[in-house]
Amino acid sequence: MSTRRIKERHFSGTTDPTVPEWEIKHRAVARRAAADGIVLLKNENHVLPIDINCPVALYGAGASHTIKGGTGSGDVNERECVSIYQGMKNAGYHITSERWIAEYDSIYDVARCNWRDKIKKGIAASGGGEENFFPVYCTNPFRMPAGPEITKKEEESETAVFVISRIAGEGADRQAEGGDYFLTEEEHCRLEAVCRLYQNVVIIVNAGGQIDLSFLDEFCNIKGLLILVQPGMEGGNALADILSGKVNPSGKLTDSWAYQYEDYPNSETFSHNNGNVEREYYEEGIYVGYRYFDTFGIPVRYEFGFGLSYTEFALSDCTVKKEQNGMLEITAKVKNTGDRTGKEVVEVYASLPDGRMEKEARRLIGFTKTTELKPQEEQTVKIQIPWKNFASYDEAQSAWILEEGKYGIELGNSLGTAQEYAVLQVTEEIILEQDKKICGMEFGKNEITCKNRKEQADRQVDVPVIELHASEIAKVIVEYRKNAELYPEDAMEFVHTLTKEECMKLASGDPGKAQGSNLGAAGIVVPGSAGETSDCVKEKGLASLALADGPAGLRLTKYYYVKDGKIVYTPIEFNIENGFLYDGEEFEGTKYYQYCTAIPVGTLLAQTWDTGLVQMVGHMIGEEMEHFGVSLWLAPGMNIHRNPLCGRNFEYYSEDPLVSGKIAAAMTEGVQKNPGCGTTIKHFACNNQEDNRQESDSILSERALREIYLRGFEIAVRESQPYAIMTSYNRINGIHAANNFDICTEAARNEWGFKGLIMTDWTTTMSRDCTAAGCMRAGNDLVMPGSEDDYKNLEQELSDGSLSEDDLRACVARLVSVCWKSNQYEEEV
Ligand code: BGC
């Protein structure tokens, strides 16, 4: 039994407004991460880098109002944000379009005021009240104005940079219309003018996800294209690093950019597109992103894994061998053959044989990034690949299998350039892992199939063939244990000392807090954090955990006021009187500051393809958690980019589960290097749409579920043991993820060995057919933020026998064990 001592924590943050050393260091990491994730897609006539002495005309919505990240819980309150305009000035560029930018700023301010009024009116029309803020706000995202007309060329410049910016966030999906996926007519006019007036135009896409790029076919003066995504507080400086050539671009796309929206396989039916936001049928099955385009032979504008550099690299001397540890090991040499220092990503794909089961033509099975290589410098990279990365899930046998056949091993710096270097010959069908059926639904028959599968690239006759036999593989047979049996012994000893009432209180969050308009920012101990777990048994030595969002940094309020030892004012998200957050109110008392580092959004981080760098970012976030007294970071977000219009894609990493899983694992390892700080990987699972997110039902086959939507979570859990998992709002084949025994207990705990805490997303139990007791039965340990109704529901279902006390206590034991290892304790006595 533990006798740990709870740390005395005082007001978080500092009363000193000056910039501390750590903020400067952390901003440098954020800047590097942003620069390394930016993807260069087009660089005709070497229009980039742009000499620092070359005058540049800068236009577009995001020039001076660069979007650093998405809205909602994924937002972060940093000290200051560097726009592209500011970043380019800092780098020493002479911006010739100052007047246009100043005019833009005035137009922007008016548009922003009008938008606020619209929100206020919307709230009034829905009956007023702070609880209406969130729905009205989410469904009326601010659209960036196009700005003043561009009528003449700024004489000194031949080069213009044009920034296209988009805002999205949780609670609503994006729209396939002007101002979102497409340009508005006005934006198109501005772009047309810039392309008419300037010889060299460079486009910057400052959006959380894909947009339509067909304007590239229209205007031949567009010579450069950079995908900035949403780069965090240092975005302007990071972009200037790339524009000036101080940093050589090394990012690669983690999504396919189609020629047109209609090319995405689920474009007709996704979310609101077919008017049905209740049921989302995943008819594309495993054919998500490049798996679809590549297999069906549909050309894309920019393929998965693609990104240019200012230098060139050559790949050679690839060797492939089986390792003793049950992995395939690949080594290759990467040489910088150009004339600038740079980094390169090596991507490994497997071409999969069609057999009894239809498979995608190719699949990413591994990747790595070189260090910085000088011209002519060479590095040997090594990548280890587990057999499961080649496997498919056979629903008929409830098993991960390797079907007999030839699996080509291809290496390259994008899906398009990958070439076969070896063949893995699987001599007979191999069962890697024997599971059981989960999330039962025979949906497979409704999925699309590929009749004319794209032929595998011509096989090189001289590549080595490596055989793999069933006898070499130790088959895993999963042992499925009950929820009530899966608890840490020492924590359960403690839980046995608690009353039933105390257990119910612990499991049902911290009722009364974190509700209404301040949803997701109502933490009190650490102001503006998302919430806290119950402190009802503090006297018995159990600390309460402070939980803060993510994923673009630590989300706290920038400041709060303390008077007579009490917090007297914390800015809230929406205030009926004043309108919006941070209207500059001054209060009596002492002001505490909590500036956090706004890092790039998830997609941009993933575009670095650099797990070492992501670990470094995670480590720094962990330091900030420790600094402010936060134990669990409600991040990373790692849902799959199933369709470009998902409102929260910016928070997530990729259309590919390996990228998602590896980057989330790296982030977790980084954060958790700080003792007592943990990640909460989210939203588990199939949370791929924001419209009607609390009720929508993701209907899919078990195979697609396991191979695409759970696989990233599985990798992250197996590789990094995050402290926590957050379930998603949606249903999966009819059952809410939060109440879903199959994903929480069978998949996460029994199959992958997850040891931590599972919690709900905020207010999930307010959805139809989703209950707190249902969470406990499923093995979802903590209802957040929790309400009196959740407590009552537990009480009721315990008393009528529908919830067993053993299930409840197992859940609480898992919560206790995460509390114990958190940074809320000072030492073991
Ligand atoms: C979001 C979560 C977030 C939570 C707490 C919810 O609205 O979906 O991602 O962690 O709020 O802020």
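Helices (H or I, at least four residues) and strands (E, at least two) are DSSP runs, numbered from the N terminus. By that definition, the chain described here has 19 helices and 36 strands. The structure is a predicted model, in which local features need pLDDT of at least 70 and side-chain atom pairs count only at pLDDT 80 or more, while totals for chains, interfaces and linings use all residues. Residues are numbered from 1 along each chain as its sequence is written, and side-chain values use heavy atoms, with hydrogens and water left out.

**The chain as a whole**

- The C-alpha trace spans about 75 × 75 × 50 Å along its principal axes.
- Of the 829 residues, 64% count as buried; buried means under 20% relative accessible area, exposed over 50%, and partly exposed in between (1.4 Å probe, protein chains only).
- The chain exposes about 29,300 Å², and carbon and sulfur atoms supply 48% of this area. Accessible areas come from the Shrake-Rupley method with a 1.4 Å probe, and for residues only the protein chains shown count as cover.
- Among contacts (heavy atoms within 4.5 Å) between residues at least 6 apart in sequence, 80% join residues at least 24 apart.

**The ligand and its surroundings**

- The ligand has 14 residues around it, of which Glu170, Asp549, Arg648, His683 and Asp761 come nearest. A residue is near a molecule or strand if one of its heavy atoms lies within 4 Å of it.
- By class, the shell around the ligand has five nonpolar, three polar and six charged residues. Ala, Val, Leu, Ile, Met, Phe, Trp, Tyr, Cys and Pro count as nonpolar, Asp, Glu, Lys and Arg as charged, and the others, Gly among them, as polar.
- A polar side-chain atom of Arg648 lies 2.7 Å from an oxygen atom of the ligand. For Tyr729, an N or O atom in the side chain is 3.1 Å from a ligand oxygen atom, and for Arg693 the corresponding value is 3.5 Å.
- The protein covers 99% of the 310 Å² of accessible area that the ligand has on its own.

- Arg363 lies in strand S13 (residues 362-369) and, at 6% relative accessibility, counts as buried.
- The side chains of Arg363 and Glu360 are joined by a polar contact of 2.8 Å. A polar contact is a pair of N or O atoms within 3.5 Å; within protein, one must be able to donate a hydrogen and the other to accept it, and residues adjacent in sequence count only if both atoms are side-chain atoms.
- The side chain of Arg363 also reaches the backbone oxygen of Asn389 at 3.0 Å.
- Not counting residues up to four places away in sequence, Arg363 touches several residues, including Tyr290, Lys388, Phe390 and Glu707.
- Glu707 is one of the buried residues of H14. Helix H14 (residues 702-709) is mostly covered, with eight of its eight residues buried.

**His272**

- His272 is found in the loop between strand S7 (257-258) and strand S8 (279-281), and it counts as buried at 19% relative accessibility.
- The side chain of His272 makes a polar contact of 3.2 Å with the side chain of Asn273.
- Beyond residues up to four places away in sequence, His272 touches Asp173, Arg174, Gln175, Val277, Leu645 and Asp691.

**Ala111**

- Ala111 is found in helix H3 (residues 98-125) and is partly exposed, with a relative accessible area of 21%.
- Ala111 and Pro145 are 34 residues apart along the chain, and their C-alpha atoms are separated by 7.1 Å.

**Backbone features in loops**

- The peptide bond from Leu48 to Pro49 is cis, with omega near -5°; Pro49 has its place in the loop between strand S2 (39-43) and strand S3 (56-60).
- The peptide bond from Gly550 to Pro551 is cis, with omega near 5°, and Pro551 is in the loop between strand S23 (546-549) and strand S24 (559-563).
- Cys439 has a positive phi of about 45° although it is not a glycine, and at 7% relative accessibility Cys439 counts as buried.
- Asn733 likewise has a positive phi of about 45° without being a glycine, and Asn733 counts as buried at 11% relative accessibility.
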